[in-house]
Amino acid sequence: MQLEEIKAAVAALRNIRGLTWPSTFEPQRQKGGDLDLLDWLRAMFGFQRDSVRNQREHLILFLANVHIRLEPKADPLSKLDDRAVDVVMTKLFNNYRKWCKFLSRKHSLRFPQGAQPQEIQQRKILYLGLYLLIWGEAANIRFMPECLCYIFHNMAYELHGLLAGNVSIVTGENIRPSYGGDEEAFLKKVVTPFYRVIRKEAGKSQHGKTPHSAWSNYDDLNEYFWTSDCFSLGWPMRDDGDFFKSVHDSRPVTMAGSSPQKDSTKSTGKTNFVETRTFWHIFRSFDRMWTFYILALQASCVSFH
């Protein structure tokens, strides 16, 4: 906390001006002014307390490291430069923006028109904090980056609605996050359903004894989120959504080299390519090594001829 760049990042995170807090969320800390933007995200979306602590340190160091390396130097150093925030956003959201472009969807990183620079910076840090908190609790879903994009896309849209004060046309009240801000709500209601699918598929592998064509790995499951079909899951997600169905119970296995078979019941699984391994796989995997051996043999035969 003695370094100026750290103080600058901490001060930026503590800019909670204009945010509405639930009255029941840590009232003592609210009175003492000891809350920051990540605490607000926890109150709204139900992230875990310790995860928030970890990602707070992560984000502070991330911002501070970029802030101190800016050229020309930030002046004053004790105030977080907008350029540092923009650099971090570019790095973190590069894949998300590409995903939105690929699926022809407008991204959810939205900012108020004509707002003050501090308000814009606050909004950017909220998006950064939201992404890191999602990533921090994602567990095995981290191996499915486009699935993370889908989750962030919907939660960032809800975040925009919260900050804009949007009103529900059904209830007439301010829009609230779909999964609420209860303790561990994100882990239990968002991460757990995805984890169950991953766990079920991993169980089908029988510790690697089952052929690859009989179960889906991370890449296979992640393929679903490279198609616009993923938006049919909705938000909040439907329990009967295609992704949460058994991926092989209703679809016959597609062999390598053949086109996927159409089925009346959509399900997630091997959609583009099925890897079928045989004894010849060892030659295919090490083709460069075998090529080198053959060329070396030819060279030695020529040299000794």
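Trainee: Before we start, what should I keep in mind about the model?

Mentor: It's a predicted model, where local features need pLDDT of at least 70 and side-chain atom pairs count only at pLDDT 80 or more, while totals for chains, interfaces and linings use all residues. Residues are numbered from 1 along each chain as its sequence is written, and side-chain values use heavy atoms, with hydrogens and water left out.

Trainee: Okay, Leu13 in helix α1. Why is Leu13 called buried?

Mentor: Helices here are DSSP runs (H or I, at least four residues), numbered from the N terminus. Buried means under 20% relative accessible area, exposed means over 50%, and partly exposed is in between (1.4 Å probe, protein chains only). Leu13 has 1% relative accessibility, so Leu13 counts as buried.

Trainee: And what does Leu13 touch, leaving aside neighbours within four places in sequence?

Mentor: Contact means heavy atoms within 4.5 Å. By that rule Leu13 meets Asp36, Leu37, Leu38, Arg56, Leu59, Ile60, Leu63 and Ile125. Also, the C-alpha atoms of Leu13 and Gly129 are 9.3 Å apart, though 116 residues separate the two in sequence.

Trainee: What makes Ala139 partly exposed?

Mentor: Ala139 comes out at 41% relative accessibility, so Ala139 counts as partly exposed. It sits in the loop between α7 (117-137) and α8 (145-164), and has a positive phi of about 55° without being a glycine.

Trainee: What about Gln206?

Mentor: Gln206 is at 48%, so the label is again partly exposed. Gln206 is in the loop between α9 (185-204) and α10 (218-223), and its phi is positive too, near 50°.

Trainee: Which residues have the most contacts inside the largest nonpolar core?

Mentor: A nonpolar core is a set of buried Ala, Val, Leu, Ile, Met, Phe, Trp, Tyr and Cys residues joined through side-chain atoms within 4.5 Å. The largest has 76 residues, and Leu130, Phe152 and Phe225 have the most contacts inside it. Helix α8 gives the most to this core, with 10 residues. As for Phe225, the residues it touches include Trp99, Met144, Tyr150, Phe194 and Phe243.

Trainee: How do you know that the buried residues of α6 line one face of the helix?

Mentor: The buried ones are Tyr96, Trp99 and Cys100. Seen down the axis of α6, they fall within an arc of 95°, so they line one face. The arc is that of the directions from the helix axis to the C-beta atoms. On the other side of α6, Lys98, Lys101 and Phe102 are exposed. What covers the buried residues includes α8.

Trainee: How are α3 and α4 packed?

Mentor: Their axes are 10 Å apart, at an angle of about 145°. Axes are lines fitted to C-alpha atoms, for helices over the stretch in contact, and angles run from 0 to 180 degrees between N-to-C directions. At this contact, Leu38, Asp39 and Arg42 in α3 meet Arg49, Val52, Gln55, Arg56 and Leu59 in α4.

Trainee: One last thing: which peptide bonds are cis?

Mentor: One joins Glu71 and Pro72, with omega about -5°. Another runs from Asp75 to Pro76, with omega near 0°. Pro72 lies in the loop between α4 (49-68) and α5 (82-92), and Pro76 is found in the loop between α4 and α5.

Notes. Helices (H or I, at least four residues) and strands (E, at least two) are DSSP runs, numbered from the N terminus.
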